[in-house]
Amino acid sequence: MRTSIIKSVLILIGTFLFQLQNLIAQVPTNIPGGKPEPVPFTPVNILVFIIIPLGLLVFYIWWLRQNRKKAEEEIAKANEKAEEEKAKANEKAEEEKAKEKEK
């Protein structure tokens, strides 16, 4: 048990170090850097960076709720069907018991 945990931790540390080298390798050293400027509030930027992402988020939440409702309805229908089948099976069993008692 302990060895598997140690192996997992070592693998995670190795992966992190490997990715760290890749991140450091991506930094340009010969290009002069300037001060980053904020994105100006033009109608296109507002649409692309604010409205569309928010719209996608709202659509995703709505879609998840719709799927959840459908799944809950299907489960409820399946439960009702199973209960009906159990009730029918119980009725048949009671009828058979009543017939056996009559004999």
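Mentor: Before we start, a helix here is a DSSP run of H or I with at least four residues, and helices are numbered from the N terminus. Keep in mind that this is a predicted model.

Trainee: Okay, how many helices and strands does the protein chain have?

Mentor: Two helices and zero strands. Helix α2 covers residues 43–102.

Trainee: What separates Phe59 and Trp62 in helix α2?

Mentor: Phe59 and Trp62 sit three residues apart in that helix, so about one helical turn lies between them.

Trainee: How many aromatic pairs does the structure hold?

Mentor: Two aromatic pairs. In one of them, the ring centres of Phe59 and Trp62 are 5.8 Å apart and the planes meet at 35°.

Trainee: Why is the pair of Phe59 and Trp62 called tilted?

Mentor: Ring centres must lie within 6.5 Å to pair, while planes under 30 degrees apart are stacked and those over 60 are edge-to-face. With 5.8 Å and 35°, Phe59 and Trp62 do pair, and their pair is therefore tilted.

Trainee: And why does Trp62 count as partly exposed?

Mentor: Buried means under 20% relative accessible area and exposed means over 50%. Trp62 has 48%, so it falls in between.

Trainee: Which residues form the negative surface patch?

Mentor: Glu91, Glu94, Glu95, Glu96 and Glu100. Glu91 is part of helix α2, and at 48% relative accessibility Glu91 counts as partly exposed.

Notes. Residues numbered from 1 in each chain as written. Predicted model: local features only at pLDDT ≥ 70, side-chain atom pairs only at ≥ 80, totals over all residues. Heavy atoms only, no water. Phe/Tyr/Trp six-rings, centres within 6.5 Å; stacked < 30°, edge-to-face > 60°. Buried < 20%, exposed > 50% of the residue type's maximum accessible area, 1.4 Å probe, protein only. Patch = residues over 30% accessible without salt bridge, like charges linked within 9 Å, V, L, I, M, F, W, Y side chains within 5 Å. Areas by Shrake-Rupley, 256 points an atom, 1.4 Å probe, with all protein chains shown as cover. Salt bridge = Lys/Arg side-chain N within 4 Å of Asp/Glu carboxyl O. Lys, Arg positive; Asp, Glu negative; His and termini not counted. Charge placed at Lys NZ, Arg CZ, Asp CG, Glu CD.
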